[in-house]
Amino acid sequence: MHPRILIIDDESSICISLALALEPEYKVTWETDPMRALDRLQAEPVDLVLLDLVIGEHDGLEILAQIKKLAPRVQVIMMTAYGSIRSSVSAMTRGAFTYLTKPLD
């Protein structure tokens, strides 16, 4: 069985690009709406979440906190085009596994 990855990013082009890069080694699903992503996380088991720091009007750090409440063992990798030391430290202290800046290689 392939590890399951959930991508949460408000740009569908990013989600599609990441999904294409990760499949078929991983089972990839994605959402551009973080509230639907949280619902999906409750309904389907996931091994890893790739989470954007800024998702439209939503704060990715708040979504990270909700993910950790719903599924404490799920690893979360934060992604952002607006990297800073402050947001990196904040993400890591809230439970992110790591923090990557876009574009991702």
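Begin by selecting Leu20 and Ala21 in helix H1 of this predicted model, where these two exposed residues sit on the face of the helix turned away from its buried side.

Next, keep helix H1 (residues 12-22) in view and select Cys15, Leu18, Ala19 and Leu22, which are the buried residues of this helix. If you look down the axis of H1, these buried residues fall within an arc of 100 degrees, so they line one face of the helix. An α-helix has 3.6 residues a turn, so residues three or four places apart point the same way. To see what covers the buried residues of H1, show strands S1 (4-8), S2, S3 (48-52) and S6 (75-80), which are included in that cover.

Tryptophan 30 belongs to strand S2 (residues 27-31), and it counts as partly exposed, because its relative accessibility is 31%.

From the surface, move to the largest nonpolar core, which has 21 residues, and select Ile8, Val49, Leu51, Leu64, Ile67, Val76 and Met78, the residues with the most contacts inside it. The elements giving two or more residues to this core are S1, helix H2 (34-43), S3, helix H3 (60-70) and S6, and the largest share, 4 residues, comes from H3.

Apart from this core lies another one, of 11 residues, with Ile7, Leu18, Val28 and Leu50 among them.

Finally, select isoleucine 67 and look for its contacts: leaving aside residues up to four places away in sequence, isoleucine 67 touches Ile8, Leu38, Leu41, Val49, Leu51, Pro72 and Val76.

Key. Residues numbered from 1 in each chain as written. Predicted model: local features only at pLDDT ≥ 70, side-chain atom pairs only at ≥ 80, totals over all residues. Heavy atoms only, no water. Buried < 20%, exposed > 50% of the residue type's maximum accessible area, 1.4 Å probe, protein only. Arc of directions from axis to C-beta. Contact = heavy atoms within 4.5 Å. Core = buried A, V, L, I, M, F, W, Y, C linked by side-chain atoms within 4.5 Å.
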